[in-house]
Amino acid sequence: MEFADLIQTPKLDGVVMHGPFHKPVDGTLCITGHHIILSSRKEGVEELWLLHRNVDAVERKPDNQNGGGTLIIKCKDFRIIQLEIKEPREFPNIASSIEKLSNIVEPTLLYPFFYRPMYTILEDGWTTFRPETEYNKLVTALSEEWRFSYVNKDYTVCPSYPSTVVVPKSIDDETLVTAASFREGGRFPVLCYRHDGGSLLLRSSQPLLGPNSRRCKEDEKLLNAVLGPGKRGYIIDTRSTNLAQAAKARGGGYETEVNYPQWRRSHKPIDRRHVLLESLTKLIEACNDTSSSMDRWLSRLESSNWMTHVKDTLNCACVVAQCLDKEGISVLVHGSEGLDSTLLVTSLAQVVLNPDCRTVRGFEALVEREWIQAGYPFPLRHARSCYSSGGRNKNHAPTFLLFLDCVQQIHQQYPCSFEFSQPLLIMLFEHSYSSQFGTFLGNCEAERVRLQLAQSTASLWSFLNRPDILQSYLNPMYIPNNTVIWPSVAPMSLSLWSELYLRWVVDQSPQKKALQTVMTLKENEKELRSRASRLRRQLADLEKEAVERGILQRNSSIGSASTPTTSTPCVMSPTSTSPS
């Protein structure tokens with residue numbers, strides 16, 4: 001397929017763009033294979049460069065009286081852009097072109113395969129966070145307990161798992177293959193985090209008991225090997241009891257205490273993924289309705305249930321973190337497929353427990369390890385968002401956005417404990433839906449290998465970790481905090497993420513200016529501290545030189561000089577003896 005076949009009108013003059021927080025722009029509209037571009041070719045005037053992948057819906061409002069009409073482009077980053085087109089024949093052509101280009105599903109036709117970075121790549125983001133690197137310290141220190149397994153090297157045991165996983169050393173690969181056949185999608189229990197003190201966090205999918213209550217001794221052996229003899233663990237099921245029982249009737253199920261006597265099961269329900277998209281749609285509709293009264297706004301916010309999803313997710317993650325930290329008990333987390341709610345909980349628990357996950361590189365590693373490598377299908381989940389009315393199905397979900405929102409809530413409560421600022425979270429949200437980088441392409445590692453993304457596209461991490469780029473995402477108030485942080489999930493402790501959901505409705509420039517001011521003050525403080533340190537060293541050198549020349553007398557304490565016995569108060573006052 002050629003892009004030219006989809007572009008009926010590649011260029012059109014006299015198009016007027018209306019967008020958030022800027023005056024209408026009259027310019028030339030260009031439709032390319034990957035972008036919608038509008039430029040007035042005037043210096044200082046807003047331009048539009050919009051990836052087709054960012055378009056969620058296109059609404060047509062024809063002007064029957066004068067011809068032409070208005071195209072309303074609704075984006076996955078929640079922005080709404082209006083294009084006024086006066087040409088009657090070009091109006092449907094442009095609308096049709098944008099609709100076709102924004103619905104391309106073949107990955108190799110997307111922009112990351114055509115984008116070529118103009119900067120020097122200082123670090124290969126494709127290899128920075130490999131499992132062998134991330135878990136090397138653990139496997140090396142506990143070589144008698146854990147090992148790397150390459151049983152999934154050809155992705156046949158579990159299509160959505162990476163080629164390398166960490167498993168108990170006492171479990172051979174044949175046992176893993178059998179255990180995988182007993183778990184939905186082959187997602188057998190794997191290690192994702194070891195807490196201080198030795199408690200372990202694992203994730204998997206549901207066991208396939210079915211209505212006849214099947215059992216798998218290899219799966220039981222795997223889980224018991226994690227705990228060791230005489231120890232107990234918790235299984236946190238992210239479904240309600242009724243949903244788990246219904247899943248059992250359909251061939252799924254849950255671990256029974258008879259077959260897993262060392263494990264105690266607890267249900268901490270998080271709503272299913274398709275419910276999340278409905279909730280986000282209601283939330284954004286409420287945010288975009290600027291004519292609402294206070295009562296109406298609060299009612300719509302509550303009825304969207306988005307903040308309830310945030311609360312339930314944080315609550316479940318905190319329960320897992322409490323088991324690991326306070327009780328020192330290992331935890332296995334799963335729902336049905338072991339993807340959406342499972343990854344939500346395991347990743348958030350690590351943000352709470354592990355201070356490294358609150359640094360920039362640690363958070364990048366967490367996203368890579370617990371989302372990308374763990375098989376979260378970004379292209380599938382993010383094919384549609386809150387504005388799309390047609391073509392939506394149960395595979396579309398803003399689960400990753402919910403994760404970022406929950407991290408933002410913790411960030412709000414512990415603003416000095418994160419090395420990165422909230423704009424980093426917004427940037428990850430944007431790139432997860434549409435990007436020039438290949439990091440979020442591919443539904444799993446097997447697909448990324450097949451597409452040869454590492455050879456054909458640039459990595460977001462390579463771009464983000466460049467010093468000049470990274471600086472803009474650092475938190476100026478950061479103070480390293482090596483302790484566990486416990487977020488409150490009380491309703492009054494949670495707030496709407498206005499910097500994201502309201503950024504195209506309420507001008508965020510005052511907050512940005514305030515953050516820039518804080519960053520400037522911290523930079524000035526850093527320079528002053530550095531200068532003070534230099535002056536102290538210079539003073540110490542001068543004192544040392546003065547002592548050596550006999551200008552100052554040395555105290556009885558080692559390395560300190562005192563003023564001579566004279567009435568002159570100045571430290572560097574000369575003695576009665578002239579210097580040689």
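Visitor: What makes the crossing of H10 and H11 right-handed or left-handed?

Guide: The rule is that a crossing is left-handed if the near helix is turned anticlockwise from the far one by less than a right angle, and right-handed if clockwise. H10 and H11 make a right-handed crossing. A word on the source: this is a predicted model, where local features need pLDDT of at least 70, side-chain atom pairs count only at pLDDT 80 or more, and totals for chains, interfaces and linings use all residues. Residues are numbered from 1 along each chain as its sequence is written, and side-chain values use heavy atoms, with hydrogens and water left out.

Visitor: Why is H10 called roughly antiparallel to H11?

Guide: Two packed helices are described by the angle between their axes and the distance between the axes. The axes of H10 (residues 340-353) and H11 come within 10 Å and cross at roughly 155°. Those axes are lines fitted to C-alpha atoms, for helices over the stretch in contact, with angles running from 0 to 180 degrees between N-to-C directions. Angles under 35 degrees count as roughly parallel, over 145 as roughly antiparallel, 65 to 115 as roughly perpendicular and the rest as oblique, so H10 is roughly antiparallel to H11.

Visitor: Which residues of H10 and H11 make the contact?

Guide: Contact means heavy atoms within 4.5 Å. On the H10 side the residues include Leu-343, Leu-344 and Val-351, and on the H11 side they include Phe-363, Leu-366 and Trp-371. The residues of this contact divide into 6 nonpolar, 3 polar and 3 charged (Ala, Val, Leu, Ile, Met, Phe, Trp, Tyr, Cys and Pro count as nonpolar, Asp, Glu, Lys and Arg as charged, and the others, Gly among them, as polar).

Visitor: What makes Phe-363 and Phe-403 a stacked pair?

Guide: Rings of Phe, Tyr and Trp (its six-membered ring) pair if their centres lie within 6.5 Å; planes under 30 degrees apart count as stacked, over 60 as edge-to-face and the rest as tilted. Here the centres are 5.9 Å apart and the planes sit at 5°, so Phe-363 and Phe-403 are stacked. The pair links distant parts of the chain, with Phe-363 in helix H11 (residues 360-372) and Phe-403 in helix H13 (residues 399-413), 40 residues apart. Both belong to one aromatic cluster, with Trp-371 and Tyr-376 also among its members.

Visitor: How do you know whether Phe-363 is buried or exposed?

Guide: Buried means under 20% relative accessible area, exposed over 50%, partly exposed in between (1.4 Å probe, protein chains only). Phe-363 comes out at 1%, so it counts as buried. Phe-403 is buried too, at 0%.

Visitor: What stands out about the phi of Phe-78?

Guide: Most residues other than glycine have a negative phi. Phe-78 isn't a glycine, yet its phi is positive, at about 80°. Phe-78 is in the loop between strand E6 (69-75) and strand E7 (80-85), helices (H or I, at least four residues) and strands (E, at least two) being DSSP runs, numbered from the N terminus. At 3% relative accessibility, Phe-78 counts as buried.

Visitor: And why is Asn-305 called partly exposed?

Guide: Its relative accessible area is 38%, so Asn-305 falls in the partly exposed class. Asn-305 also has a positive phi, about 65°, although it is not a glycine. Look for Asn-305 in the loop between helix H8 (294-304) and helix H9 (306-325).
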